[in-house]
Amino acid sequence: MTFEYAPAPESRSIVDIKASYGLFINGEFVDGRGTSFKTISPSTEEVLSEIAEADEADVDLAVKAARRAHARVWGRMPGRERAKYLYRIARIIQERGRELAVLESIDNGKPIKESRDVDVPVAAAHFFYYAGWADKLEYAGYGDRSLGVAAQVIPWNFPLLMLAWKIAPALAAGNTVVLKPAETTPLTALLFAEICQQADLPPGVVNIITGAGATGQALVSHTDVDKVAFTGSTEVGKAIARAVAGTDKKVTLELGGKAANIVFDDAPIDQAVEGIVDGIFFNQGHVCCAGSRLLVQESVADDVLERLKRRMSTLRMGDPLDKNTDIGAINSGEQLKRIRELSEVGDAEGAERWEVACDLPTKGFWFPPTLFTGVTQAHRIAREEVFGPVLSVLTFRTPAEAVEKANNTPYGLSAGVWTDKGSLILKMASQLRAGVVWANTFNKFDPTSPFGGYKESGYGREGGRHGLEGYLRTPHESAR
Amino acid sequence: MSRIDVRKTYKLFIGGAFPRSESGYSYAVNDTKGAFVANAALASRKDARDSVVAARKAFPGWAGKTAYNRAQILYRVAEVMEDRRPQFVQAVRQSEGLTAARAEKVLDEAIDRLVWYAGWADKLTQVIGNANPVAGPFFNLSTPEPTGVVAVLAPQESSLLGLVSAIAPVIVTGNTAVVVSSYDRPLPAVTFAEVLSTSDVPGGVVNILTGSAATIAPWLASHMDVNAIDLTGIAGDTELATSLEVAAADNLKRVRRAPAAEPDWSVDPGLDAMTAFVETKTVWHPIGS
């Protein structure tokens, strides 16, 4: 049985996208000195706005503004006062939630149900959570000394949510920030700049500068930043680790992943199938912790695959602003090219491709939900991060084999385990070398819950009490 | 005529055994007045690589022991050190030029430091882990786990207290270690290796290389099967520290940076030396029927 759905688009009249945007430095929008660039809607390729590019001099101005704000205002302000600014911001994010969600879906291509139900509310929740820490730092165990100026560079997959993960703990701990959103998704960060103005946040506490890789490089290499926080690819993360070598900049890196989602034969299969779908097709697979390797116990592999394909066939792909859309657009032409290339490598290396039969829109960047069977551990699609809606399926016989295969990767960000047996969950969870393990669930996030990787998935944690550590100088660090 | 000394050539400590350096080289170790004391093995790149293999092999077993068991084993090391007091005192006197009384004091502190760290084995999780009250029907718990194989550049000056203060936090948390000792003052490290081998520490959990950090450390910093590196032992050498940190980025090793000068090892070390080499794992369990 198939259901027909009438289009149910969310109105975009709530957002007011300006023809061009400057840089947000010291509380004001100013022109950038670099070469401005266009941000487009990945679902239609429509040009949305012209965005200023920050060059080195602009980066320097932003860092100076942040330094002044730290020295004169924010670093001295009692925590209980800082907290109230963060609470204000959290409230405004909630109040302008629909506007933020629509803008995020337009600029990023993600379905409105995700930006509305996940990105925006969780972003607000992060500000609420860390607001409460601002006047309680001495109880967290990392001292109460802020670092100073934090340089923060975020990716395009969760533009507003990653901004919240970065800015909320930094400000709560008494730091000021210069944040660079991704080149392809600057709009919600620029709306957030307006929210800072609306909250009367003192000038210079939050600075938002736009640009591409060169801007980010200038920012993290600036000699007067005390902290670098980066979320993005492992390749760029390594370049940042090299760039900060020999300095005393504190660093947190939240990088790539190739998570195993492990399904045992006693798992509730229908729930597991939902978890597999959520694990790899949530946000078009543009998720660093995506469950991109399905490890399914041999005895139930055929059953799981059959049900998985049936479920995948019901996924609705299309207009990100349609409330019934499950899968939106790939974020950029460049990313689409990478997904296609790696999928072709999958074909060439002998894996078998299956994809949902659906009509792709003629404009924009689209890739259908896809899975590969017959994948071995040596295949590139089992080793490299595709960062798209592509699932590699492998099988195993014993828990030990599942652990071996799951850990056979340079990454270590997340993992999933599906079984009805509690003791097996705990055994697997203890043996998986990953920073987050979801048992009988997947892709859950919460401001109170630390997130971050083992091995080449990066270091440091974001979220929870642990997330404060990256923004404070412990008494023993101060003594060294 | 006075008796002629039996001159010793000490060996490395790798995988629980005492091999000579694969390179065949050794070097003369003098006391602070310049008098010959003994020869020490000059560890090579191959010795470093062998040590990493031994440390990796020992890791699952050591990390998998109960915290109580690791505490017992570290405490046992402290006990065996007590048994060898004269030998340690002599080694510290020769290495650091201290009076007998001062060397005794250093040994006291080193043993006490080990006892202090031993007690952390089954407490750190409670102090730095926690349950997280997520907004949903989930039981969510964050706990520290060992990072893996840690390369430790031991302090150059504090040959025993500094050495113990660098090794104990790494292994008490379940990591295994490849240690490069002080170059000029390696003999307390050699004696410490003998203590480890006669206590209950499994082979490979601590591997001790005598020789030059500047020569060996680049191989450890760039080794793809080393998870973390402690640069404390090259305090003040900014150029070397920077190059090692750059090499460490190849597989994103956790780096404990070199301080400007060797720290005062007599002060309370806090948690930082342990938390530098643990990973926080967060597990989500649904609550429901």
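Trainee: Which residue does Ser142(B) stand opposite in β10(B)?

Mentor: Start with the idea: two strands pair if DSSP finds at least two bridges between them. Strands are DSSP runs (E, at least two residues) and helices likewise (H or I, at least four), numbered from the N terminus. Here, Ser142(B) faces Thr282(B) in β10(B). Before we go on, note that this is a predicted model: local features need pLDDT of at least 70, side-chain atom pairs count only at pLDDT 80 or more, and totals for chains, interfaces and linings use all residues. Residues are numbered from 1 along each chain as its sequence is written, and chains are lettered from A and ligands numbered from 1 in the order in which they are written.

Trainee: How many bridges link β4(B) and β10(B), and do they run parallel or antiparallel?

Mentor: Nine bridges, in the antiparallel sense.

Trainee: Which strand of chain A joins β10(B)?

Mentor: That's β18 (residues 436-439) of chain A, parallel to β10(B) and joined by three bridges. Val436(A) has Thr282(B) as its bridge partner, and Trp438(A) sits opposite Trp284(B).

Trainee: Is β10(B) buried or exposed?

Mentor: A residue is buried if 20 or more other C-beta atoms lie within 10 Å of its own, exposed if 12 or fewer, and partly exposed in between, with C-beta atoms placed from the backbone. Eight of the nine residues of β10(B) are buried, so the strand is largely enclosed by the rest of the structure.

Trainee: How many residues of chain B are in contact with chain A?

Mentor: Contact means that C-beta atoms, placed from the backbone, lie within 7 Å. By that rule, 30 residues of chain B are in contact with 35 residues of chain A. On the chain B side, β4 (138-146), α9 (238-248) and β10 (278-286) each supply at least two residues. The largest share, eight residues, comes from β10(B).

Trainee: What is the strand order in the open sheet of chain B?

Mentor: Five strands, ordered β7-β6-β5-β8-β9, with parallel pairing. β7 (206-209) and β9 (254-256) of chain B are at the edges with a single partner strand each, so one side of each lacks a neighbour in the sheet. Between β6 (residues 176-180) and β7 of chain B there are four bridges; Val178(B), for instance, has Asn207(B) as its partner.

Trainee: Which strands does helix α1 of chain B touch?

Mentor: Helix α1 (residues 45-64) packs on the sheet, touching β5 (149-153), β6 and β7 of chain B.

Note on methods:
Two residues are in contact if their C-beta atoms, placed from the backbone, lie within 7 Å. Axes are lines fitted to C-alpha atoms, for helices over the stretch in contact, and angles run from 0 to 180 degrees between N-to-C directions.
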